[in-house]
Amino acid sequence: MYSYIKPRKKTPLTKDVILIISFFSISFFMLFSTYGFLLYKDYRFKKDMQECSQKQKKLSASIENMEKSIKIIEEDANFAQKIYTTNGVLKDSIHNLFDLVPDHITLSKAQILKNGLILYGITPNKEVYEYMLEAPLKSIFTQTYTSFFQLENGWLRFVSTNYLDKNSEEYTDEN
Amino acid sequence: MFDKLFHFLYNTIIITIIKKPQTISVFIESFHRKKTIQSLEKEFVLNDSFKPILLQNYLKDFLNESPYCYITLLDTAVEQGAIPTCKKHEMENFHNLLTSKYICIEDKWACYTSKPAIKEQIDLLGNDIGVDFVFSPFLILKNFFQDKISGSIALYVLLQENSVTITVFENSTLLFGEYIDLNTLVTEELLLDHFHEETTEEENIDINTIDLDDIDIEDDFGDIESLDDEIADLDTLDEINDLESEANLEQQLEDNLEELDQQENDSNTNNEEKEEKLTMDFQFFSIIQKTLGYFYHSDKYKSDFVENIYVADNAGVTREFKQYIENEMFLNVYIRTIEIELELITLTKKELEVL
């Protein structure tokens, strides 16, 4: 030390430098804040997008299932409607059939076929059957075949087979 | 680390301020990583219109330019000097240091100055600006003659317009140091009064009243003769021919006066300037002569015969000055022109460890 006094401490942080540093600090802070905010938003957006995509996939799968279910339900409904209609028709047919059967004749069995009707029963005599039952049956069906055999009490057991055409032999039990 | 970074960003500015009798000299050097960028010089004339605020406003521009701006003053305190010891109990023999501030140089010697004077010099710049370094002229001298002071005993003198700094160095050790302020010499007779106590009455020349216009060759010869006698006594140079010396001096002064007469005819202004110069040179010569005498006679100092005198000239002495010393004191005179501002810059750089 050759000087009588010590030099004053020099600080580079003059008013101008402090102003510039403050300005740049605030600018950088805002810049990085905005950048961070955008990064966060981007992250959130991607995450939301992934969630939405997953939801979409799930919903698509759900829609597919629902469509399948709707189809099945529609089919079931149609089938039910068909059955209901068929049952209605069948009910009417059976009702009509039983309306056809006179009081003298007793039916023991009836088989309703898809295109035909087989009736089993007993009749007091052949004439009653022919006039009271066979005539209406012939008016309905295109082919009518009847076979009789004698019972011990003098009554006749008959089997009446009636078809709308000759093809189908399929039938459903209705007993 | 940050400090180095900021040093890299900013220029370092050193402002040296030297107060002279009629002016304040301001020298500014800005540099960046040891490379000088700019050097400026300005002088403020100390007339009635001068106010410290003018200087302060001028400096503020540089202070605002870089935070690494250092202001250096050359100590111009009247009460300052150098002591050839650095031991406190020995220092008291040379100067009462109660109101002084001192610094030890290489643990060999010390230079001191007045605390109030330092404060006064710093206050000139105000609190806003302040001062970073205050250097003693003794250090300027030591630094300037660094290549010489390590040699044998020699007298080293720094001549300024308003002051003379005189030292004796031997093998890089200070033996003697005195600072003489020419402005206060008239009223205080600071040094001469002190010298009178230990020197003969014949040696007493009132240098303050010397004016070449008033110089009577015959009267001056009486004084010069007595000086010659003293030197002869001191140096025990038996072979010195006093008569020859007197004759030479007489011839020399006559020549000077003839020259002055001639110049008077040509230009009164030049003549006056010359006269002033010669007066100043003689004043310097007288001071050096008296001081050397004091050094020889004083018991306080370890004295030895001085053969060489190295003069750092900042006052612009003439050839006559050299001749005075050579003829009267029989010393080998070496004069180097010194720019104190640059020396202050060098010292400041050393302090800042830039060099």
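Chain B of this predicted model has a secondary structure of 14 helices and 13 strands, where helices (H or I, at least four residues) and strands (E, at least two) are DSSP runs numbered from the N terminus. Residues are numbered from 1 along each chain as its sequence is written, chains are lettered from A in the order in which they are written, and side-chain values use heavy atoms, with hydrogens and water left out. Local features need pLDDT of at least 70 and side-chain atom pairs count only at pLDDT 80 or more, whereas totals for chains, interfaces and linings use all residues.

Of the 355 residues in chain B, 53% are buried, a term for under 20% relative accessible area, with exposed meaning over 50% and partly exposed the range in between (1.4 Å probe, protein chains only). The accessible surface of this chain is about 16900 Å², and carbon and sulfur atoms account for 45% of that area; the values come from the Shrake-Rupley method with a 1.4 Å probe, and for residues only the protein chains shown count as cover. Contacts, meaning heavy atoms within 4.5 Å, can be sorted by sequence distance: among those in chain B between residues at least 6 apart, 64% join residues at least 24 apart.

Helix 6 of chain B, residues 137–144, is mostly covered, with eight of its eight residues buried. Among them are B:Phe138, B:Leu139, B:Ile140 and B:Phe144, and also B:Lys142 and B:Asn143.

Turning to the interface, 13 residues of chain A are in contact with 30 residues of chain B. The area buried between the two chains is about 1900 Å², 61% of it from carbon and sulfur atoms; buried area is the accessible area (1.4 Å probe) that two parts lose on being put together, summed over both. On the side of chain A, the residues that lose the most area to chain B are A:Tyr2, A:Tyr4 and A:Lys10, together 49% of what that side buries.

Two salt bridges are counted between chain A and chain B, each a side-chain nitrogen of Lys or Arg within 4 Å of a carboxyl oxygen of Asp or Glu. A:Lys10 forms a salt bridge with B:Asp132, and their closest N and O atoms are 3.0 Å apart.

Within chain A, A:Asp165 lies in the loop between strand 4 (156–163) and strand 5 (171–172). A:Asp165 is partly exposed, with a relative accessible area of 34%. Leaving aside residues up to four places away in sequence, A:Asp165 touches A:Asn115, A:Thr142 and A:Gln143. A:Gln143 is 22 residues from A:Asp165 along the chain, and their C-alpha atoms are separated by 7.1 Å.
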